[in-house]
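Here is a walk through one protein model, side chain by side chain. Keep the viewer open and follow along.

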Amino acid sequence: MADFPPDEQHGGGVLIRRLARELPSGRLCWFSSRPLLGGRMPEGLEHVPFAHADYTVRRPNRFGLASWREYLNLRWLSLLQAQKAAAWGASCGVNAVWAVMQEQVIVSGPVAARLLGVPCHVSVHDVPSYFLQGRLSPVKMKRFESIFHTEYRNAASRDVICEAMRRHCMERTGADAIVVTHGWENPTEILSEPIPSPAGDRLRIHYAGMVYDQELLRAFILGLEKERDEGRFPRFEFVLFGSNKFKPRMAPWPQSVCWPGWLNAADLAAKLKESDF
């Protein structure tokens with residue numbers, strides 16, 4: 001179970017697809033909150049049964065009610081999603097639930113497992129406060145994080161995206177996890193490509209991925225600009241690659257920043273190889 005469909009573009013989707021392809025045929029069914037983006041299963045997963053159920057209210061979003069709407073979606077309507085997922089999972093004969101802990105699946109994944117009477121494995125790529133920033137009030141965010149920590153602690157097994165996430169979750173729940181990192185699907189092919197020569201007139205700094213602390217990154221870039229203006233740092237361009245849905249909340253950026261948005265793996269690899277750092 002995941003909030004995103006199998007053909008999702010962001011890093012979590014790529015990583016879960018890679019793991020899913022390693023499972024023997026007939027061992028996986030995919031249930032998500034959203035339908036397929038392209039209308040068909042991605043390569044290597046054509047045989048995987050897929051279903052989705054979107055139980056979210058999108059209005060009202062004014063008069064201070066947006067926070068209550070989001071809490072309703074995440075805390076209570078997710079229970080309807082759990083019932084739908086459990087019924088579909090039972091028809092598929094599942095004997096375990098694998099829940100990627102984002103959005104409604106933080107609640108619906110573990111609840112579906114309990115309804116089915118099967119173990120639940122959880123995968124954590126981001127802390128809830130990252131995707132939900134600005135969507136819940138501080139009090140509701142604290143309540144929802146408590147639910148996340150409880151379900152993480154009670155899971156039969158867990159994996160996280162990096163060592164820092166493992167320590168973060170262990171400090172708050174006392175439960176350990178294995179680290180499953182994200183990387184290129186075919187690094188040998190990428191490394192074999194020629195590396196362009198440096199630009200010469202400027203330092204090219206490229207970054208791909210999510211930005212957890214926007215203000216810290218902004219301060220870092222402004223600091224580089226100040227050093228450049230005072231002659232202690234060369235001319236540079238700072239290029240950010242990532243999901244377009246994060247761009248509006250990061251604006252306005254310093255003038256040195258360029259945002260090409262999301263690129264597929266092949267185009268991203270070529271662009272990153274144009275960088276000096």
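Start at Leu36. Leaving aside residues up to four places away in sequence, Leu36 touches Pro5, Pro6, Asp7, Met41 and Phe50; contact means heavy atoms within 4.5 Å. This is a predicted model: local features need pLDDT of at least 70 and side-chain atom pairs pLDDT 80 or more, while totals for chains, interfaces and linings use all residues. Residues are numbered from 1 along each chain as its sequence is written, and side-chain values use heavy atoms, without hydrogens or water.

Leu36 sits in the loop between E1 and strand E2 (50–52). Strands (E, at least two residues) and helices (H or I, at least four) are DSSP runs, numbered from the N terminus. Leu36 counts as buried because its relative accessible area is 19%. The cut-offs are under 20% for buried, over 50% for exposed and partly exposed in between, with a 1.4 Å probe and protein chains only. Leu36 and Glu8 are 28 residues apart in sequence, yet 7.9 Å apart in space, C-alpha to C-alpha.

Now the rings. The structure holds five aromatic pairs. Rings of Phe, Tyr and Trp (its six-membered ring) pair if their centres lie within 6.5 Å; planes under 30 degrees apart are stacked, over 60 edge-to-face, and the rest tilted. One of the pairs is Phe4 with Trp30, edge-to-face at 6.4 Å centre to centre and 65° between the planes. This pair links distant parts of the chain: Phe4 is in the segment before H1, and Trp30 is in strand E1, 26 residues apart. Both Phe4 and Trp30 are buried.

Phe233 and Phe236 also form an edge-to-face pair, at 5.8 Å centre to centre and 80° between the planes. Phe233 has 25% relative accessibility, so it counts as partly exposed. Phe236 is buried, at 7%.

Last, the second largest pocket. About 670 Å³ of space lies in it. A pocket is an open set of points on a 1 Å grid over the protein atoms alone, where a 1.4 Å probe fits, with protein on both sides within 12 Å along at least five of seven lines; lining residues have an atom within 4 Å of a point. The volume is the space filled by probe spheres set on the points, which are joined across faces, edges and corners. Its lining has 28 residues, with Arg27, Leu28, Cys29, Ala96 and Trp98 nearest the centre. Among the elements giving two or more residues to this lining are helix H1 (11–21) and strand E3 (97–100). H2 gives the most, with four residues.
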